[in-house]
Amino acid sequence: YYSLWQIGAYFHARKIVKNAKFDLVHHLVYVNTWQPTFMAFLGIPFIFGPIGQNPRVPFVIAKNYGIKIVLRELLITFIKYISINFSPLMRAIYSKAVKIIAINSDVYYKIRPKYRKKTLIYPSIGACNCSDISIPDIYTERDVFRILYVGRFVYIKCPDIALNAFLKFAINHKDVEFTMIGDGKLVNELQRIKESDLQSHKVTLLPWQDRNMVWAYMKSCDIFLFPSCEGGGMVFLEAMSFGKPIVCLDYGGGKDFVTDGCGIKVKVTSKEEIEDDIAKALERLYRLEALRKTMGESATQRFAIYNWNQKALWMNELYKTIRGK
């Protein structure tokens, strides 16, 4: 579907370019490094991106979801590698681009070395400042330490790792609770983990909520926990806009969005070690209120570079540079 759509878009754009003068064409892809666009062949300066892809889910995590997931990750990685490096069409697209925008350093280093000199690293996603929106508090009591997860319950976002880590942390604390908002193939597994643990009363699994309700939970939580392996993660930015310290993996989107000043990033080791390290991170933030406050303030400052207004200014400067004005 994507490729057929690109062919149709090209012939439509070619008619437009014949009848009017354009300074450049900017192809805003589905954050995709390996599927073609034909906008590179319109004969005018061409910007490709932001392009990106999810990194391969590490084997130490993927293996816990079965052999099908391991093989799926390997196959997807192989297809992307072949397309980026050996497809004549994709090589021509990369070659013709006057600028390539990669969403993160991981994507930058997947691009052929000869194209990197014209490649910029800039994230594809942005967010409004959620804290500027009037959102009511959903809790009246503040004597409970609240941790929040928001995202699809699928293997790439590791919701079961988040839940197991919380349960290890919660053993020693009566005044903690964990809310997980989302849905997906792992919902039954999360329910099983919850019901088999003595700390189950401290966990709440909620289906998808409307955006304002999600933001209300973000506003009220003390920590945002999201050990996702994906390359993006809009919820990181939303949590940062509320000034929440973040616990995540030192991998994928979390590695780039979250600095050491605004959160704790856990190294990818084994599944059990990751859960233990997340539990230790939660414990540290639970005990050190001053650290939570400092990280929250840093998260708010970090969010500023992802604000849509700032991103628009950046893009306009890029256009001016390409036009030589």
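Visitor: How do the residues lining the largest pocket divide into nonpolar, polar and charged?

Guide: First, the ground rules: this is a predicted model, where local features need pLDDT of at least 70, side-chain atom pairs count only at pLDDT 80 or more, and totals for chains, interfaces and linings use all residues. Residues are numbered from 1 along each chain as its sequence is written, and side-chain values use heavy atoms, leaving out hydrogens and water. Now the general idea: rolling a probe the size of a water molecule over the atoms shows where empty space is left. Here, the lining of the largest pocket has eight nonpolar, two polar and six charged residues. Ala, Val, Leu, Ile, Met, Phe, Trp, Tyr, Cys and Pro count as nonpolar, Asp, Glu, Lys and Arg as charged, and the others, Gly among them, as polar.

Visitor: How much space lies in the largest pocket?

Guide: About 400 Å³, the volume being the space filled by probe spheres set on grid points joined across faces, edges and corners. A pocket is an open set of points on a 1 Å grid over the protein atoms alone where a 1.4 Å probe fits, with protein on both sides within 12 Å along at least five of seven lines; lining residues have an atom within 4 Å of a point. Of the 16 lining residues, Arg72, Glu73, Ile76, Tyr155 and Ile156 are the closest to the centre of the largest pocket.

Visitor: And what about the second largest pocket, how much space lies there?

Guide: About 280 Å³. Its lining divides into seven nonpolar, three polar and six charged residues.
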